[in-house]
Number of protein chains: 2
Amino acid sequence: MKQQLIFTNNTAETIDTLVGRLAPSSLVVITDDNVDRLVLPQLQADSKALAGAYVIKCRPGDENKNLDALSTVWTELERAGATRSSLVLNIGGGMITDMGGFAAAAYKRGMRFINVPTTLLAAVDASVGGKTGINFNGYKNEVGAFAESEAAIISTVYFKTLSHTELLSGYAEMLKHALLQSREAFASLLDFDIDNSTASGERMLALLQTSVEIKRRIVETDLHEHGLRRALNLGHTVGHAFESYAMRRESPVPHGYAVAWGMVVELVISHLMLDFPTELLHSYADYVRTRYGAFDITCDDYPALLELMAHDKKNRTPDIINFSLLRDCGDVVIDSTVSADNIKAALDIYRDLMGI
Amino acid sequence: MKQQLIFTNNTAETIDTLVGRLAPSSLVVITDDNVDRLVLPQLQADSKALAGAYVIKCRPGDENKNLDALSTVWTELERAGATRSSLVLNIGGGMITDMGGFAAAAYKRGMRFINVPTTLLAAVDASVGGKTGINFNGYKNEVGAFAESEAAIISTVYFKTLSHTELLSGYAEMLKHALLQSREAFASLLDFDIDNSTASGERMLALLQTSVEIKRRIVETDLHEHGLRRALNLGHTVGHAFESYAMRRESPVPHGYAVAWGMVVELVISHLMLDFPTELLHSYADYVRTRYGAFDITCDDYPALLELMAHDKKNRTPDIINFSLLRDCGDVVIDSTVSADNIKAALDIYRDLMGI
C-alpha cells in the first residue's frame, strides 16, 4: 500500500513537508464551510503551502455528498487550473474525504490527494483504505472509486471541537477494529473512559494509531474487497439498515451509533451461529447501552429492516444477506449467509439486551 | 494487463463463452439507439446470454457523453438490480465504450465490463487500454477513470454499416500506431487502399489486429500514462486543438480527421526539431491530403489554436505545451517542449503541404 499514515499533532508542518516532497504544480484544498471557519485559518497561518492554495468549500453534511456537489467540485478544480500534477488536500470529516477523494480520483482520470481528517470517525475509518465516493439516488456510497490518498495526516487536535455524539460515533469504528483484532485490544477500549477523557490527548492518539493500523493491515491484504477486507463490514449490514431506516423515519442517527447497535445484533448472530462467547457479547452490549442508548425497534419493523439488509452493496446476489461474523475477538468469518429467521431471532435478543 | 483481446467475426458465440466463464450475477448491455436498432437484434438472436440481458440505451453522439447521460446510466443500473458481481457489455462506438466503461468502473466502486466496439475508431483506440470517461464543461474526457475491461471483442463485421468518413476516422489512429511502430508497419498501411477495400474483410481484420497489438504493447508498459504511454498522444496535441476549434466554429470535424491533420503538423515539428525524414513526412502528408482533405486555417487562427494546445490535459504545467514527437518511424520522443514560434512555423508548413 502506497498510502502513508502520519500520526502527528503538528499538521501544518507535516503538510509543508509533504507538499515539498510531492512537488505538485498547484495545491487545492477541498473542505466544508464549518472546517473553513473553525480549522483552516490557523492551518493557513502556520503552513506556507496552504497560504497560497485555492480553497473549494462544500456545504457540510452527508446529505450534500451527492452528484451535484461533486460536479461543483470538478468545475472549481477547472477554475483553479488544476492539472494532473496538482495535489488535492481534503480537510474535513468523512463526507469531505469521501467526496474529495472521488473528485480527485476521477478529475482528468486521476490526480493525487492527501486526507486530513478532522473528526474521529474520518480519522479511524474514512480517511484510510482507499474507499471514495458519493451517495446516489438515496443509496450510500453508490458511486465511487477505490483510490488511495498519498498520505493521511491523522491528528487529535481537532477533536476538541467535536461534540460528544461525534466522538462516540467515531469510537464505534474503533471498537469494531478492536473486535477484529484481539481480546486485549477490545478490553483496552472498553477500559478507556471515552466519556470523561481528553479526546485530543496523547492516550487517545496512541489508541487511534493502534486502531488505524488494524484497519490498514486488513486493507493491505485486499484493497478491492474481494475477500478479507469484508471483515470490516462487521456491524455494517445491520448498521446500514438501521441508518437508512432512521432516515426513512425522519429521525436520522449518526453513522457510528448505527454501527455500534448493528454490532450488537451481529455479535448476537455470531453467538447463535458460531458460539461467540456470551461474556464478551454481554460486556459489549452493556457498553453500548450505557453510552449510546438503544435504537428503538419493534417486531413490526423487521420486514423493512430485512429488505434494507438485502439491498446492501456487499451482497453479490440480491436477496441473500451476507454477514461478517466472529467466532471470537480476532477470529472472523466472512461471507456468512444468515437466514431471515436467525436475523429476526437476533433482533429479538438485541431488544432484550438493550432493554427495549 | 488483464484485458483479453479477442479478434473474431463470431461475436455472439464469443460473448456466450466469456459470460459462461465470468459467471456474472446478471448481464447489462449499454448501447446507443443506433446500435440498438442496427446491431443488437441479430446479436440477441444469436447469443443466449444476451437474450436475457437488461438493455440501457443512450442517445448517440459525443455531445451526449456527459454527466447527465452518465447519471441516467447509473440509475438504470440500479433499476436493473446490478450488483458488483454483474457484468456490463458496452456495445457501440467510442462514446459508449468510454462512458459505459466509466459507469461500470464507478458503480458500487467498480464492476466488470466487456467492450464490443462497433466502429473502426473504437476498435483500434477507445475499446483498448483502460481509458474511460465523459466530457465535462466542454472539455473532452475531463472526468473518468483508468479501468480495464475484462475483454474487448474486436470484429470487422459491423464496419459494413460505417460511412466512408467513419472508416477514415478510425484509420487515422491505425496510421498513428504504425508511425509509432516501424517503417514497415507504416508502409503497409499506406499501401492498403482503404478507399476501395472491403472494410469488413479478412485483410482488414489482420491489419486491425496488428494495430491494436501495437497499442496494447505500449499501454502495458505504462497503464497510468506516467511516461511511455504518452507516445500515443502523437498527433493529438494539435489534433485536439483542431477538433475543439472546429466545434467553436460550429463546423465539427470527426476525431480521426483532426488526428490525421494534427499528425501532419506534429511530423513537421518532428522534422524541424528531430530531423524526422522528409520523404516520410511527404508521403504521409500526400496520403492525408488525398483522402482526408485539409483542415482550413489561416495565420489569424494561430493564437486561438495555441491557447487550445496549452489547455490539453496532458500538460502537467499550464502554458507549457508538450508533444510526443518522432525521430523516425518507431523512434519516439515524449515530453518535448516546443516553442510557440516553432509551432507557428509548423502550421505554416502544414498549410503549404495541404495546399491551402
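Modeller: Happy to! The C-alpha centres of domain 1 of chain A and domain 2 of chain A lie 28 Å apart. Domain 1 covers 4-161 of chain A, and domain 2 of chain A is made of 164-199 + 222-354; these bounds come from an automatic or database domain assignment. Keep in mind that this is a predicted model, where local features need pLDDT of at least 70, side-chain atom pairs count only at pLDDT 80 or more, and totals for chains, interfaces and linings use all residues. Residues are numbered from 1 along each chain as its sequence is written, while chains are lettered from A and ligands numbered from 1 in the order in which they are written.

Now to the contact itself: domain 1 of chain A gives 11 residues and domain 2 of chain A gives 13 residues, with contact meaning that C-beta atoms, placed from the backbone, lie within 7 Å. On the domain 1 side in chain A, helix 7 (120-126) and strand 7 (139-146) each supply at least two residues. Helices (H or I, at least four residues) and strands (E, at least two) are DSSP runs, numbered from the N terminus. Helix 7 of chain A brings the largest share of that side, 5 residues. By class, the side of domain 1 of chain A that touches domain 2 of chain A has 6 nonpolar, 3 polar and 2 charged residues. Here Ala, Val, Leu, Ile, Met, Phe, Trp, Tyr, Cys and Pro count as nonpolar, Asp, Glu, Lys and Arg as charged, and the others, Gly among them, as polar.

As for the other copy, a rotation of 180° with 0.0 Å of shift along its axis superposes chain B on chain A, with RMSD 0.0 Å (least squares on the C-alpha atoms of residues with pLDDT of at least 70 in both). The two copies are therefore related as by a two-fold rotation axis.

Conventions:
Contact = placed C-beta atoms within 7 Å.
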